[in-house]
Amino acid sequence: MITHLRLKAYGKINLALDVLGRRQDGYHEVRMIMQTVGLHDRIDLYRTSEPGIRIETNLFYLPTNEQNLAYRAAKLLMDEFHIRQGVAIHLRKFIPVSAGMAGGSTDAASVLFGVNKMFGLGLTTRDLMERGVTLGADIPYCLMRGTALSEGIGEKLSELPPMPQCQVLIAKPGISVSTKTVYERLDAMELAPEDHPDIDGMVDAIRRRDLMEVAGKFGNVLELVTGETYPVIAKIEQVMRDYGAVNAMMSGSGPTVFGLFTNPRAAQSAYEALRFGQASELARQVYLTNFFNVRRNQ
């Protein structure tokens with residue numbers, strides 16, 4: 001009987017993000033290239049004899065009830081399978097919150113995986129993905145991980161070959177962004193054809209393992225909204241390029257910016273400039289990591 005599981009919930013970035021339109025149900029049709037990165041939250045799951053779900057976190061402002069996606073993920077499986085015992089979830093957050101990196105979704109994905117394994121429910125990753133999408137559009141991808149083309153509302157996933165390894169510098173300015181508001185503002189805009197990223201071209205570049213071409217095809221239509229509101233996003237991108245990033249862009253609805261580096265020394269110098277040096281006033285959280293290309297296995 002499994003009484004304790006220690007899990008890593010990995011964050012993601014969008015190498016490209018396009019919005020095709022708003023559906024009648026309020027969701028948006030998207031096409032995105034998703035990539036897992038090494039930056040992760042740590043989750044400890046404990047089986048308890050006392051029924052119910054308890055969450056403890058290292059951030060005082062995070063909810064510990066049904067407003068937390070990790071709580072809802074555990075509840076979804078425990079209700080469906082009538083689990084009488086309880087679960088304690090100890091969550092240590094390192095992925096920036098409200099940052100466009102699917103931090104809440106990846107925590108929920110790891111809890112789904114962990115509860116399934118701890119209680120021997122026998123669900124496949126595909127089974128978990130089908131349940132996870134009812135909680136959030138990014139959860140199926142966070143269960144799969146790696147490099148993927150994401151379509152529909154984010155739930156239609158096509159595996160892609162792993163990206164060539166490089167250094168990924170992540171910087172979040174001291175602001176938070178409402179994803180709902182960003183999409184609403186995008187709906188009111190008239191986009192030109194050149195505003196949309198070349199998703200198919202990027203897929204081809206990924207299949208050819210051409211990192212420089214992938215970086216050259218970066219594009220995120222949501223940056224047209226968030227970047228206009230917060231000029232600090234463009235400033236962080238420029239710092240990364242000045243220090244040698246092959247390219248830099250905002251992830252998701254923002255405000256987190258990431259840059260790709262093929263020179264480890266340049267990546268370290270950019271990290272130090274944004275974390276401690278002359279550009280440190282631009283970013284509140286800065287991390288140097290890499291791509292994480294391991295698919296999740298049952």
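1. Lys 12 is buried, at 5% relative accessible area; buried means under 20%, exposed over 50% and partly exposed in between, with a 1.4 Å probe and protein chains only. The model is predicted, with local features needing pLDDT of at least 70 and side-chain atom pairs pLDDT 80 or more, while totals for chains, interfaces and linings use all residues. Residues are numbered from 1 along each chain as its sequence is written, and side-chain values use heavy atoms, without hydrogens and water.

2. Strand β1 (residues 4-22) holds Lys 12; strands are DSSP runs of E, at least two residues, and helices runs of H or I, at least four, numbered from the N terminus. Beyond neighbours within four places in sequence, the contacts of Lys 12 (heavy atoms within 4.5 Å) include Met 34, Thr 36, Met 101, Tyr 141 and Ser 251. A polar atom of the Lys 12 side chain lies 3.1 Å from the backbone oxygen of Gly 100.

3. Asp 138 sits in the loop between α3 (125-132) and α4 (139-144). Asp 138 is partly exposed, with 22% relative accessibility. Leaving aside neighbours within four places in sequence, Asp 138 is in contact with Lys 12, Met 34, Ala 102 and Ser 105.

4. The unreviewed UniProt entry annotates Lys 12 and Asp 138 as "active site"; such annotations may be inferred rather than shown by experiment. The two are spread over 127 residues of sequence but cluster in space, the largest C-alpha distance being 9.7 Å. Lys 12 and Asp 138 both belong to the lining of the largest pocket (on a 1 Å grid over the protein atoms alone, an open set of points with protein on both sides within 12 Å along at least five of seven lines; lining residues have an atom within 4 Å of a point).

Key
1 Å grid on protein atoms, 1.4 Å probe; cavity = no way out; pocket = protein on both sides within 12 Å on 5 of 7 lines; lining within 4 Å. Polar contact = N/O pair within 3.5 Å; in protein donor to acceptor, adjacent residues only side chain to side chain.
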